[in-house]
Amino acid sequence: MTDNFVRNSHKEFLNSLISGNRLTSSKLANNILNQRVSIKELYENIIKKALYDIGVLWEFNKISVATEHLASAIVEAILNELYLKVISEEKINKTVITACVENEFHQIGIKMVSDVFEMNGWNVHFLGANTPAKELIDFIKITKPDVLALSLSIYFNLPVLENMIQMIRKEFPVLPILVGGQAFRHGSQNVLLKYDNVIYKSDLNSTDLFIKTLNQNG
Ligand code: B12
């Protein structure tokens with residue numbers, strides 16, 4: 001699809017989120033998909049961009065907290081609505097647990113990441129926001145995932161993530177831990193280098209490539 005179409009769709013989608021219109025936003029998302037835009041592209045170049053714009057408008061007091069809350073609630077509803085388009089018919093025998101670290105309430109990014117795993121045939125356990133480390137460890141013991149994916153948006157929660165990684169490593173020394181989120185936007189992913197098998201990915205395209213490599217390597 002042309003860049004122009006995607007740019008215009010992003011503006012339209014942003015406006016419908018700001019006006020708090022769930023029905024228009026949902027119809028727009030479905031119309032965009034009908035124009036042969038992939039779900040990954042809809043997520044990355046239209047919905048994510050619109051939410052980043054909402055964040056800037058909110059930061060500069062151009063929109064209220066209520067408008068921002070409504071926008072993110074509409075987006076969550078749309079992601080749930082698209083679920084049937086996301087699930088892959090061909091399941092592979094791999095499982096991922098996806099979650100936000102403790103004190104982290106931004107769960108839309110990790111929900112999108114969960115959907116990319118789904119589209120690649122994985123079984124996904126999406127735990128969502130604010131997942132306590134101990135609960136997560138107990139759940140890993142039960143479900144024995146192939147990958148754990150953790151999201152962190154708030155930079156000052158970085159020590160919480162590190163603490164979680166250290167607790168998980170004690171119990172699961174080799175479990176691959178995929179990490180991402182806006183806390184790393186300005187280069188702070190270097191703190192992850194000291195941990196073995198902790199992999200940082202910044203967006204859905206690089207995450208998709210990572211998953212496809214895992215799928216190929218069996
Ligand atoms: C909606 C929103 C909220 C909602 C979240 C609701 C929800 N259901 O998720 C609520 C109201 C809870 C919220 C609260 C707060 N928020 Co807020 N929020 C936002 C907003 C507007 C959108 C977030 C979003 O969904 N973005 C879209 C998603 C798709 O993008 P993403 O998370 O970056 O995810 C992508 C990648 O990062 C990556 N990714 C993400 N996770 C993972 C994980 C893995 C494993 C991988 C591989 C990849 C990956 O893939 C995604 C697709 O590319 C942003 C603005 C912004 N720039 O995003 C602010 C923003 C994130 N919030 C911010 C702040 C400051 C707060 C509060 C502290 C405000 C306050 N004073 O209370 C609280 C903190 C709450 C907490 N403890 O978590 C700041 C964060 C600054 C920072 N980085 O430290 C931002 C950037 C706003 C701003 N401009 O200042 N917020």
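Which residues of helix 1 are buried? The points below take up this question and then the rest of the fold.

1. Basis of the note. This is a predicted model, in which local features need pLDDT of at least 70 and side-chain atom pairs count only at pLDDT 80 or more, while totals for chains, interfaces and linings use all residues. Residues are numbered from 1 along each chain as its sequence is written.

2. Burial in helix 1. Ser9, Phe13, Leu14, Ser16 and Leu17 are the buried residues of helix 1. They lie on the same side of helix 1, because they cover an arc of only 165° around the axis. The arc is that of the directions from the helix axis to the C-beta atoms. A residue counts as buried if 20 or more other C-beta atoms lie within 10 Å of its own, as exposed if 12 or fewer do, and as partly exposed in between, with C-beta atoms placed from the backbone. Helices (H or I, at least four residues) and strands (E, at least two) are DSSP runs, numbered from the N terminus.

3. The exposed residues Asn4 and Asn8 sit on the face of helix 1 turned away from its buried side. The cover over the buried residues includes helix 2 (22-34), helix 3 (39-59) and helix 4 (65-81).

4. Geometry of helix 1. The 16 residues of helix 1 (residues 3-18) should span 22 Å at 1.5 Å a residue, and the end C-alpha atoms are 23 Å apart, which agrees. The expected span is 1.5 Å times one less than the number of residues. Just after helix 1, glycine 20 has a positive phi of about 70°.

5. Domains. The protein is divided into domain 1 (3-86) and domain 2 (95-216), with bounds from an automatic or database domain assignment. Taken over C-alpha atoms, the centres of domain 1 and domain 2 are separated by 24 Å. In contact across the boundary are 10 residues of domain 1 and 11 residues of domain 2; contact requires C-beta atoms, placed from the backbone, within 7 Å. Helix 3 and helix 4 are the elements that give two or more residues to the side of domain 1 that touches domain 2. Helix 3 gives the most to that side, with five residues.

6. An open sheet is formed by five strands in the order 2-1-3-4-5, with parallel pairing. Strand 2 (123-128) and strand 5 (198-200) are the edge strands, each pairing on one side only. From one strand to the next, the twist averages 20°. Two strands pair if DSSP finds at least two bridges between them.

7. Strand 1 (residues 95-100) is joined to strand 2 by five bridges. Threonine 98 has phenylalanine 126 as its bridge partner in strand 2, and alanine 99 stands opposite glycine 128. Five of the six residues of strand 1 are buried. Helix 6 (residues 108-119) lies across strand 1, strand 2, strand 3 (147-151) and strand 4 (177-180), at about 170° to strand 1. Helix 7 (residues 133-143) packs on the sheet, touching strand 1, strand 2 and strand 3, and makes about 170° with the direction of strand 1. Axes are lines fitted to C-alpha atoms, for helices over the stretch in contact, and angles run from 0 to 180 degrees between N-to-C directions.

8. Glutamate 102. Glutamate 102 lies in the loop between strand 1 and helix 6. Glutamate 102 is partly exposed, because 18 other C-beta atoms lie within 10 Å. Not counting residues up to four places away in sequence, glutamate 102 touches Asn130, Thr131, Pro132, Ala133, Val160 and Met164. The C-alpha atoms of glutamate 102 and asparagine 157, 55 residues apart along the chain, are 8.3 Å from each other.

Conventions
Two residues are in contact if their C-beta atoms, placed from the backbone, lie within 7 Å.
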